[in-house]
Structures are given as structure tokens and as C-alpha cells.
Amino acid sequence: MPQTILTIATSGQGLYEFTDEARRFVSGHGGEGLLTLFVRHTSCSLLIQENADPSVQDDLTRFLRRLVPPADDPSMRWVTHDSEGPDDMPAHIKAALTPVSLTVPVNTGRLLLGTWQGIYLFEHRDRPHRRSVVLHLSP
């Protein structure tokens, strides 16, 4: 069963598409099966989301920021975990609310995504990171 680890560089909160990398991985192995994607971090997540209009990604980022503001916001006074700054615990909460793994069907070496669907890493931290995503193709 083929497996690889992608490294995705982020520059702050937002969505980072890596659909093309996932397509290249499954096309190199052909056949049918399931692609499982798993992010190896606790302050980011994975999404399948629209890739045609960037305003969708901006709105999602803004929505989560309103839902879970930084720890220095008055509504977040209850937060105690802030050792890496005011985005620390909010990033963990956002990752708990969104998926850290995805499964996509594969047919004849192609991802069976919809027309406007893309695969994204959703970064919940303010500073740049290098994120690891495991891709595993099973029959």
C-alpha cells in the first residue's frame, strides 16, 4: 500500500491547497481505492472545500476567527493554555472542530473529487509553519 508524507509550508492562518500534490501521488499508483489524508499536528486541520472562488476560503478563515477569537480577546479570558501566544489555544480549538483526516475515493488513478472541490490544509496559527500530511492509498 503506497504511502508518502507531504510537507506544506504555511505563512499564517488560512487555507493552503494541495490537491495537485495528492493527484500526482494517486496517479503514480493507478487503480481503484481510497486515499486517506492525515495531518500530523494539533493546531491545523484538513478540508475539502471550493477551489474556484478564493472568497470562500477568506470567509471560512474569518468565520472561525469570529467563532474562536485569539486568547487576548475579552471573551476568551477563561483560556489558560497560551504558552505560544494568543493564537495557541484557539488553534487547538479550531483543529478540534474541523477534521484532521479525510478520505477520498480513487478510480483509475484519479481522485473522485467534485468539479469545484479542492483539498486544503487549514492553518490555524498566525506564524509560519511546516506541516506534515500523510497520504496513504489503500485498495
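Colleague: Let's start on the outside. Which residues form a nonpolar patch on the surface?

Modeller: Before we look, keep in mind that this is a predicted model. The patch is made of Phe 63, Leu 67 and Leu 97, and together they have about 320 Å² of accessible area. To find Phe 63, go to helix α2, which covers residues 54–67.

Colleague: Let me zoom out. How many helices and strands does the chain have?

Modeller: Three helices and eight strands. Reading from the N terminus, the elements go β-β-α-β-β-α-α-β-β-β-β. As for dimensions, the C-alpha atoms fill a box of roughly 55 × 30 × 20 Å along the principal axes.

Colleague: Now the strands. How should I read a sheet, and what is the order of strands in the open sheet here?

Modeller: The general idea is that strands of a sheet pair through backbone hydrogen bonds, either parallel or antiparallel. Here, five strands make an open sheet in the order β1-β8-β3-β5-β6, and the pairing is antiparallel. At the edges you'll find β1 (3–10) and β6 (110–111), each pairing on one side only.

Colleague: Can we go across it pair by pair? Which residue in β8 stands opposite Ile 5?

Modeller: Val 134 does. β1 and strand β8, residues 129–138, are joined by eight bridges in the antiparallel sense. Moving on, β3 and β8 also run antiparallel, with six bridges between them. If you want a landmark there, Thr 36 has His 136 in β8 as its bridge partner.

Colleague: And how many bridges are there between β3 and β5?

Modeller: Six, again antiparallel, with β3 at residues 33–39 and β5 at residues 101–107. Look for Leu 35, which stands opposite Val 104 in β5. While you're tracing these, remember that in a regular strand the side chains alternate between the two faces of the sheet.

Colleague: Which residues line the largest cavity?

Modeller: Gln 13, Arg 65, Val 68, Pro 69, Pro 70, Asp 87, Pro 90 and Lys 94. By type, that lining divides into four nonpolar, one polar and three charged residues.

Terms used:
Residues are numbered from 1 along each chain as its sequence is written. This is a predicted model: local features need pLDDT of at least 70, side-chain atom pairs count only at pLDDT 80 or more; totals for chains, interfaces and linings use all residues. Side-chain values use heavy atoms; hydrogens and water are left out. On a 1 Å grid over the protein atoms alone, a cavity is a set of points where a 1.4 Å probe fits but cannot get out, and a pocket is an open set with protein on both sides within 12 Å along at least five of seven lines; lining residues have an atom within 4 Å of a point. Ala, Val, Leu, Ile, Met, Phe, Trp, Tyr, Cys and Pro count as nonpolar, Asp, Glu, Lys and Arg as charged, and the others, Gly among them, as polar. Patches are made of residues with over 30% relative accessible area and no salt bridge: like charges are joined within 9 Å, nonpolar side chains (Val, Leu, Ile, Met, Phe, Trp, Tyr) within 5 Å. Accessible areas come from the Shrake-Rupley method with a 1.4 Å probe; for residues, only the protein chains shown count as cover. A salt bridge is a side-chain nitrogen of Lys or Arg within 4 Å of a carboxyl oxygen of Asp or Glu. Helices (H or I, at least four residues) and strands (E, at least two) are DSSP runs, numbered from the N terminus. Two strands pair if DSSP finds at least two bridges between them.
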